[in-house]
Amino acid sequence: MSAFTPASEVILRHSDEFSQRRVLFAGDLQDDLPAQLETAQSRAHTQQYHHWQILNRAMGENVLFGLVATAEIAEGCDTLVYNWPKNKPEAQFQLQNLLALLPVGSDIFVIGENRSGVRSAEPMLENWTKLEKIDSARRCGLYHGRLEQQPTFDADGYWEDYALGDLTIKTLPGVFSRDGLDVGSQLLLSTLTPHTKGKVLDVGCGAGVLSAMLASHSPKVRLTLTDASASAVAASEATLAANGLEGTVVAGNVYSGISGRFDLIISNPPFHDGMQTSLDAAQTLIRGAVTHLNTGGELRIVANAFLPYPQVLDETFGSHEVLLQNGRFKVYRAVKGRAPKASR
């Protein structure tokens with residue numbers, strides 16, 4: 001990756017500060033700064049599979065993908081550089097995890113875009129470190145402090161759930177549909193008829209809401225769920241288990257962990273990566289669907305009405321239809337046709 005985010009550009013203004021440090025990078029890591037910044041040692045932890053893919057090429061085993069950072073990845077580190085995400089509960093979960101692993105006296109740097117609410121870091125961490133703002137540039141704030149006391153961290157304490165009809169949906173900080181069924185997913189679900197059969201792939205599964213609802217009225221479906229977020233993978237596994245439903249949950253970047261073909265692919269695809277607008281995942285979802293669908297299989301997605309997906313659907317499938325729409329969302333359906341017979 002050639003371009004740095006504004007947050008990374010601010011860190012680079014202080015590059016001399018890190019040259020002799022053993023640094024643990026974490027949080028919303030959207031570029032390869034951890035692999036590029038000159039340090040005595042660089043390690044990284046991320047909950048996002050596609051961010052791990054970027055860093056793994058250069059850092060190998062020094063970057064960890066998973067729900068929680070481990071003592072092994074933090075071992076020997078004396079400095080934390082934390083990229084603030086847009087979700088405050090997610091930051092609380094990650095920072096409490098990270099600070100519980102680092103020795104007292106470690107330097108703590110928190111960087112984030114002002115619009116992300118990075119200023120919340122000061123009161124959030126005040127029991128363990130006194131943060132002070134040391135730079136403001138690129139519409140970002142950089143904060144620094146020293147760890148005075150380790151917090152205790154218990155990941156189990158962050159689990160929440162809510163009822164959706166007869167279902168129990170299990171959630172974690174940072175997971176889409178954490179507080180309830182969103183309007184877009186509800187619109188998509190309303191187009192799925194009972195007694196659906198076959199192999200179904202749920203891309204960007206979040207808390208597993210779409211799959212759980214589908215399986216509740218179509219018990220013969222065979223479910224595969226995938227998401228780039230380690231929190232979402234854990235939440236989907238927990239949702240299926242809580243409702244006695246079967247399915248395979250895979251961590252991956254759209255189709256990266258998926259093999260085989262499906263009769264139906266469903267998704268409420270994201271159009272943000274952290275604070276940045278990004279249509280990459282949704283376009284990859286659409287363009288790659290034809291190679292992951294059986295002949296006659298369909299892609300069914302819900303998206304904000306203003307997003308430019310009709311053209312990509314037509315380029316990929318030849319045509320599409322709008323099954324349902326309201327003021328904000330449209331549900332698109334595209335079917336993989338049969339290949340024309342070869343002429344003799």
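How much area do domain 1 and domain 2 bury between them, and what share of it is on carbon and sulfur atoms? The notes below take this up after the overall layout.

1. Basis. This is a predicted model, in which local features need pLDDT of at least 70 and side-chain atom pairs count only at pLDDT 80 or more, while totals for chains, interfaces and linings use all residues. Residues are numbered from 1 along each chain as its sequence is written, and side-chain values use heavy atoms, with hydrogens and water left out.

2. Overall form. The C-alpha trace spans about 70 × 50 × 40 Å along its principal axes.

3. Domains. Domain 1 covers 6-155 and domain 2 covers 159-336, with bounds from an automatic or database domain assignment. Their C-alpha centres lie 31 Å apart.

4. Interface area. The two domains bury about 1,600 Å² between them, 56% of it on carbon and sulfur atoms (accessible area, 1.4 Å probe, lost on being put together, summed over both). On the domain 1 side, Tyr49, Leu67 and Lys86 supply 28% of the area buried against domain 2, more than any other three residues.

5. Contacts. In contact are 20 residues of domain 1 and 19 residues of domain 2 (heavy atoms within 4.5 Å). Between the domains there are 0 salt bridges (a side-chain nitrogen of Lys or Arg within 4 Å of a carboxyl oxygen of Asp or Glu).
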